[in-house]
Amino acid sequence: MARNEQETAPTEPLSPVSQLFATPSLYCVIVLTLGLQTRCNPTAIVEGITKTWINLPRFSSKVVMKKNGKAFWIPVSVRVEDHVIVPDIDYSNIENPDQFIEDYTSNLANTPMDISKPLWEFHILNIKTSDAESLCIGKLHHSLGDGMSLMSLLLASSRKISDPEALPTTASTKQDVDSNRRSWWLVGWFWLMIRIIFTTLIEMFKCFLTLLFLRDTKTPLFGKPGDRIRSTKVIHRMISLDDVKLVKNTMNMKVNDVLLGMTQAGLSRYLSKKFDEDMVVEKKISLDKIRLRGTVVVNLRPDTKIEDLANMMAKGSKCRWGNFVGFVMFPLWIRSEDDPLEYIRRAKATMDMKKISMESLFYYGLIKFALIIFGKKIIEPIVKRLFDHTTLTFSNVIGPDEEVSFFGHPMSYVTASATGGPQALIIHFVSYVNKIIINLAVDTTVIPDPHLLCDDLVESLDIIKLAVLEKGVHKMEV
């Protein structure tokens, strides 16, 4: 069928951060996979998207580059059927459905998007895997929005299975201030401001050094420099949210602290194995001499209650749609620790310090205004250099805390991976009901064994959980 996507309204410029994601060196797409509990009905998906997604201007606009180098959203009339793809595949001949889906998703991530139409597509595959009866795989350009925006899209498209008319529920990330903290703020606000300013200045100085010369140690995880063709592999693994909460509650910390600690432990295990395999003694590096940093994505929205997330697409919503995220440079603790709980203690201590600073908001504001003043031709190589000098990106998105249906299809899980940019490793965690899905997007020319890395992450959580249980037993005995 012929596509009918003609310009229908005046142009609107991309936001500064979205402009960066549209550049060749920082090109980034999000691959979203929804595992469904039933066979998928393409007609229901098309009707649902037509009633919801298309109402969002960015999903009914294409990106056009003007002669001055700036990108603009141009509204077009969209035929949803052209964006919802049902591939003609003989599933009966597929011996390993899980491997097929992994290859299909990875090929989708490696295929450049057609910029002559709105930057999204949605694939429906009625193939049974070990975790789902069918799958929907979305590919969305990162200029459309960040992880929280896309999660709001999923929430607005879903309903509770227990109450088909009700929106899903999820934990709020808003931090309540108790009376003790409020009293401390009233008494010690001046000292707090000094700490914020001092910590922020230190982090900005570290950023300046990173831009100049401070590069991470070249390890088997560090990306290769220069613009080149990358082979991206997208994989995922599920872990128990209850296991993470057990560690969280026992150690009195947040879920994000546990996930960061688990990541530090898993990367340490992986690198230790890789160095042990290296037969060249001169190339062996002691883990405690490694400088390895991640850019941790931080949601800058002050409140993420379910009502605001679901209504994010509406005009005047309290939650901002788009790319409203900052990041912090997080030094990862890479060691061979005898006490596995040290990894999460270190993660919490580092993240607590980061929370005091205004680093994430400063980065967002600096990039935004620098793009407006100097343009992306100057800012793009600066931002790329920052990612060139660090090893990985880490993020965590909270999903529904009870089972939901997507346009009438009960879901079994949801995964999301961002692909692109100069780094060889991107780690995303997405929660759904009682599970957390680990999502890895890797450059296989740098990391040829992503499943081994994923195994090390999962095994690290098991070891940490065991240490927590032993700690609890020891306390009871004492």
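Aromatic pairs number 11 in the structure, where rings of Phe, Tyr and Trp (its six-membered ring) are taken to pair if their centres lie within 6.5 Å, with planes under 30 degrees apart counted as stacked, over 60 as edge-to-face and the rest as tilted. The pair of Phe-100 and Tyr-104 is tilted, because the ring centres are 6.1 Å apart and the planes stand at 40°. Both residues belong to helix H3 (residues 97–110), in which they are 4 residues apart, about one turn of the helix; helices (H or I, at least four residues) and strands (E, at least two) are DSSP runs, numbered from the N terminus. The model is predicted, local features need pLDDT of at least 70, side-chain atom pairs count only at pLDDT 80 or more, and totals for chains, interfaces and linings use all residues. Residues are numbered from 1 along each chain as its sequence is written, and side-chain values use heavy atoms, with hydrogens and water left out.

A tilted pair is also formed by Phe-394 and Phe-429, at 5.4 Å centre to centre and with 50° between the planes. Phe-394 lies in strand S12 (residues 392–397) and Phe-429 in strand S15 (residues 425–432), so that the pair ties together parts 35 residues apart in sequence. Phe-394 is buried, with a relative accessible area of 2%, and Phe-429 is buried at 0%, where buried means under 20% relative accessible area, exposed over 50% and partly exposed in between (1.4 Å probe, protein chains only).

One aromatic cluster is formed by Trp-53, Phe-59, Trp-120, Phe-122, Phe-406 and Phe-407.
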